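Subject: Structure handover and findings

Hello,

Here is the structure for your files. Please open it first, then read the notes below it.

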Amino acid sequence: MSDLAVRTEDVWKIYPQEPEPVQAVRGLTLEIERGDFVAMAGPSGSGKTTVLNLLGGLTDATRGRIWIGGEELTGMSERERAKLRLERIGFVFQAYNLLPVLTALENAEFTLLLRGLPKEERHARVHGLFREIGLEGLADRRPGRLSGGQQQRVAVARAVVADPALVLADEPTANLDSVTSDALLDTMERLNREHGTTFVFSTHDPRVMERARRLIMLVDGQIEADERRAPVRGGAATA
Amino acid sequence: MRVLVLLRLAARGVGRNARRSMLTAAAMVLGLALLIFSRALSDGGHEQWIDSAVRMGSGHVAIQAPGYLETGKLEHRLDGEQVGVAVEAIESLAPELGVLTWAPRLSVNGLASSAASALPVRIEGVDPGREATFSDFESKLQEGRYLQAGDGLHAFVGAELARRLDLEVGNRFVLTAQSASGDVEGQLVRVAGIFRTAVMELDEGLVHMPIETARSWLGTEGAATTVAVLVEPSVRTDGVAAQLAGRLGSDTGVRVLGWRESSPDLDSAVRIDDYGDYIFHIILFAIIALAILNAVLISVLGRRREFGILRAMGLTGFETGVVVFIEGLLLTAASGVVGMVLGFAFTWGFFRDGLDFSGLMDSEMSFSGSVIDPVIVPFFQLQQVLVSVYFILIIGSLASLYPALRASKLDPAEAMKFEQ
C-alpha cells in the first residue's frame with residue numbers, strides 16, 4: 001500500500017466559459033503523505049475548492065492524473081468514484097454540511113449505513129465519537145436545532161466515523177467564531193493525531209494555517225509555495 | 001439495504017418539506033377527489049340512462065331468435081319450447097348472476113285505427129304481472145290503469161297516440177298486424193290506461209297488450225320475440241349474457257344479446273359521453289401532472305446542495321435520482337389514497353341520494369330512447385376507481401421522472417456552491 005494519501009500529476013481544470021475558458025487549476029503536481037495535516041491557502045479564486053473537488057472526485061480533471069491512497073481516481077466511472085468516496089474519503093464543507101432531514105446521529109452514521117454496517121456497530125461508533133468531540137446528548141437533534149459549531153462537529157464526525165484515508169475540509173471554520181473554530185480544529189487535530197487520518201483543508205483562516213503541518217499556497221490555480229512546518233498544537237482536545 | 005436508505009431519505013424529504021408536500025398533495029387530492037366525484041356522477045347518469053332505456057326496451061340482456069334484431073319480424077320468434085328453455089336458464093342462474101327480473105315480450109309492427117285516424121305503432125304483448133316489475137310504465141301512468149293479470153282485450157297506449165286517435169280510457173280501437181300465417185289480422189281492444197314517458201317515439205307509437213291476447217291474435221301460441229332480462233348493475237350485463245349463452249348452448253337456436261348490441265343507439269350515446277369524460281379526465285390528469293412536476297422540480301432545484309452532499313457521501317447520481325423519484329411516488333401514493341377517500345366521502349356524504357339538476361333542465365327529457373332523470377345518483381365502480389388511481393400513479397411517476405433525472409445529472413461540485 002502506498003504511503004501517499006494523495007498524489008497528483010500535472011492536473012488541470014479548465015472551465016469552458018465565454019469569452020475565455022477559465023483555468024481554475026493549472027498543472028498541479030502534489031504528493032500528500034498519510035497522516036498529514038495540510039492546509040491549502042490562497043486568495044479567492046485561487047482554485048482551493050476546485051483542488052478539493054478534484055481530489056474528492058466531485059469534478060473531473062480536464063487533464064492530468066490523480067491517485068487517492070494509491071488508487072487512480074482519474075478514469076474511474078461515476079459509480080467507482082462514488083464507491084471510493086464512500087470508502088476512503090470524508091468531506092467537511094464550509095456550511096450547511098448536514099442533511100437536514102436526518103438527525104445528528106443519522107447524519108454521522110450515514111456513510112456507515114451506506115456501507116451496510118449493523119445498527120449496533122454504527123451507533124457504538126457514532127456515540128463513541130460524539131463523546132470524544134463533545135456532542136453527547138445531541139444525537140437526536142435535527143441540524144436546525146444545533147449551533148453552527150455543533151453542526152460542524154457532527155460533519156467532522158460523519159467525515160471520520162468510517163476511518164477514511166483522507167478528509168477533505170473546505171473552509172470548515174469560515175462561518176464559526178474564533179472559540180468555536182479553535183474547538184473544531186482541536187477536534188480535527190486530535191483525530192489526526194490519534195487515528196492517523198489525513199486532513200487536507202482549503203482555508204483563509206490564519207488559525208487553520210497556524211496549525212497545519214504543511215501549508216500550500218495556491219495562486220491562480222498553481223502552487224506558489226509549499227512549506228513543511230512544525231505542527232502547532234492548539235491545546236487539549238475540546239469537549 | 002441501500003434501497004432502504006434511499007427510501008428513508010425520500011420519506012424524510014417528503015416529511016421535512018411539509019408545506020410543499022401538503023400543497024402538492026392538496027392539488028393531487030383535489031384532482032383525484034374531483035375525478036372520483038365526476039366519474040361516479042357520470043357513471044350514475046349512464047346507469048340511469050341504461051336502466052331507463054332497457055326497462056322500456058329489451059332489457060340488459062335479450063334472448064331472441066336469430067334475425068329478429070335485424071328484421072323485427074314475427075317470423076324470427078322464439079317458439080314456446082325455446083321460451084321455456086330460456087326462462088328455465090334465467091331462473092336457474094338468477095341467484096348467482098344478480099338477475100333482478102325477466103319478462104317475455106311478443107312485439108310486432110302494426111297499425112292502430114280509430115274513427116279519428118290510423119297510425120303505425122309498435123305492439124308489444126306483455127305479461128302484465130311481470131311487466132309491472134320490469135318496465136317503469138306503471139309510474140308513467142297518466143290516466144286509467146296499467147294492464148293486470150286476467151286482462152284480455154285491453155291496451156295501454158301512449159298519450160300522444162291517444163290524442164291523435166282521439167282515444168280516452170274505455171274507448172275501443174283496432175290493432176292490425178301481420179300474423180304468423182302471413183295474413184293481416186285485426187284485433188279490437190279497449191284502452192285500459194294512457195301513459196306519458198317523455199320519449200316521443202314511445203308516447204306516439206307504443207301499445208302494450210296482454211301477451212296471451214297477442215299470441216292468440218297472431219297465431220303464435222307460447223311464443224315470444226324477446227325474453228328480456230334485467231340485471232343490477234348494468235356492468236354485469238356481459239357476464240350474465242355470456243353465462244346465459246353458455247347455459248343455453250348453440251343447439252337451442254336462440255341468441256343472447258347484451259344491451260350494447262340490442263340498443264346500439266344507446267351504446268353510442270354512452271360511448272360519446274364517455275369520450276367527453278375522458279377528455280375532461282385527461283385535462284385533469286395534465287393539471288395534476290404539472291402540479292407534481294412543479295413541486296418536485298422546485299424541491300430539487302432548492303435542494304441542490306443537499307444532493308451534492310449525498311453525492312459527496314458516496315451516493316451515485318442514479319441513487320440521488322432514485323431518492324427524488326421515490327419522493328414523488330410517495331407523495332403521489334399518499335395523495336392518491338387521501339384523494340380516493342375524500343372523493344368517496346364527499347360524493348357519498350353529500351350526494352348519495354342524488355344530485356338534483358332539475359333547475360337546469362326540463363322535468364322530462366329523453367335521450368336515445370331513455371328518459372333522463374334530473375336527479376343523478378352517483379354510482380361507484382371499483383374498476384373505474386382503480387383505473388383512476390392507476391393513472392394517478394402513472395402520471396405521478398412520469399412527473400417525477402424529469403426532476404429525478406435533473407437530480408441525477410447534478411454536478412456535485414456545482415451543487416455544493418448552492419446556498420440553501
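Two strands pair if DSSP finds at least two bridges between them. Strands (E, at least two residues) and helices (H or I, at least four residues) are DSSP runs, numbered from the N terminus.

Some housekeeping. This is a predicted model, in which local features need pLDDT of at least 70, side-chain atom pairs count only at pLDDT 80 or more, and totals for chains, interfaces and linings use all residues. Residues are numbered from 1 along each chain as its sequence is written, while chains are lettered from A and ligands numbered from 1 in the order in which they are written.

Confidence

The predictor gives the complex an ipTM of 0.84 and a pTM of 0.69. Where pLDDT is low, the predicted coordinates should not be read in detail.

The sheet in chain A

An open sheet of 6 strands runs in the order β6-β7-β8-β3-β9-β10 (chain A), with mixed pairing. Its edge strands are β6 (89-92) and β10 (222-228) of chain A, each pairing on one side only. From one strand to the next, the twist averages 15 degrees.

Start at β6(A). It runs parallel to β7 (residues 166-170) of chain A, and 4 bridges join the two. A:V92 stands opposite A:A169 in β7(A).

Next, β3(A) and β9(A). These also run parallel, joined by 4 bridges. Here A:V38 stands opposite A:R214 in β9(A).

Then β9(A) and β10(A). They run antiparallel, with 6 bridges between them. A:L215 has A:E227 in β10(A) as its bridge partner. Their hairpin has 2 residues between the strands, and A:D220 in it takes a positive phi near 50 degrees.

Helix α1 (residues 48-55) of chain A lies across β3 (37-41), β7, β8 (198-203) and β9 (214-219) of chain A. It runs at about 150 degrees to β8(A). Angles run from 0 to 180 degrees between N-to-C directions, and axes are lines fitted to C-alpha atoms, for helices over the stretch in contact.

Helix packing

In chain A, the axes of α6 (residues 148-160) and α7 (residues 178-195) come within 9 Å and cross at roughly 15 degrees. That makes α6(A) roughly parallel to α7(A) (angles under 35 degrees count as such; over 145 is roughly antiparallel, 65 to 115 roughly perpendicular, the rest oblique). The contact includes A:R153 and A:V156 of α6(A), and A:L184 and A:M188 of α7(A). By class, it has 6 nonpolar, 6 polar and 1 charged residues. Ala, Val, Leu, Ile, Met, Phe, Trp, Tyr, Cys and Pro count as nonpolar, Asp, Glu, Lys and Arg as charged, and the others, Gly among them, as polar.

In chain B, α13 (residues 317-351) and α14 (residues 382-409) pack at about 155 degrees, with axes 8 Å apart. That makes α13(B) roughly antiparallel to α14(B). Their contact divides into 16 nonpolar, 10 polar and 1 charged residues.

Interface

22 residues of chain A are in contact (C-beta atoms, placed from the backbone, within 7 Å) with 22 residues of chain B. On the chain A side, α2 (78-88) and α4 (110-115) are the elements that give two or more residues. α2(A) gives the most, with 5 residues. This side divides into 13 nonpolar, 6 polar and 3 charged residues.

Best regards

Notes. Contact = placed C-beta atoms within 7 Å.
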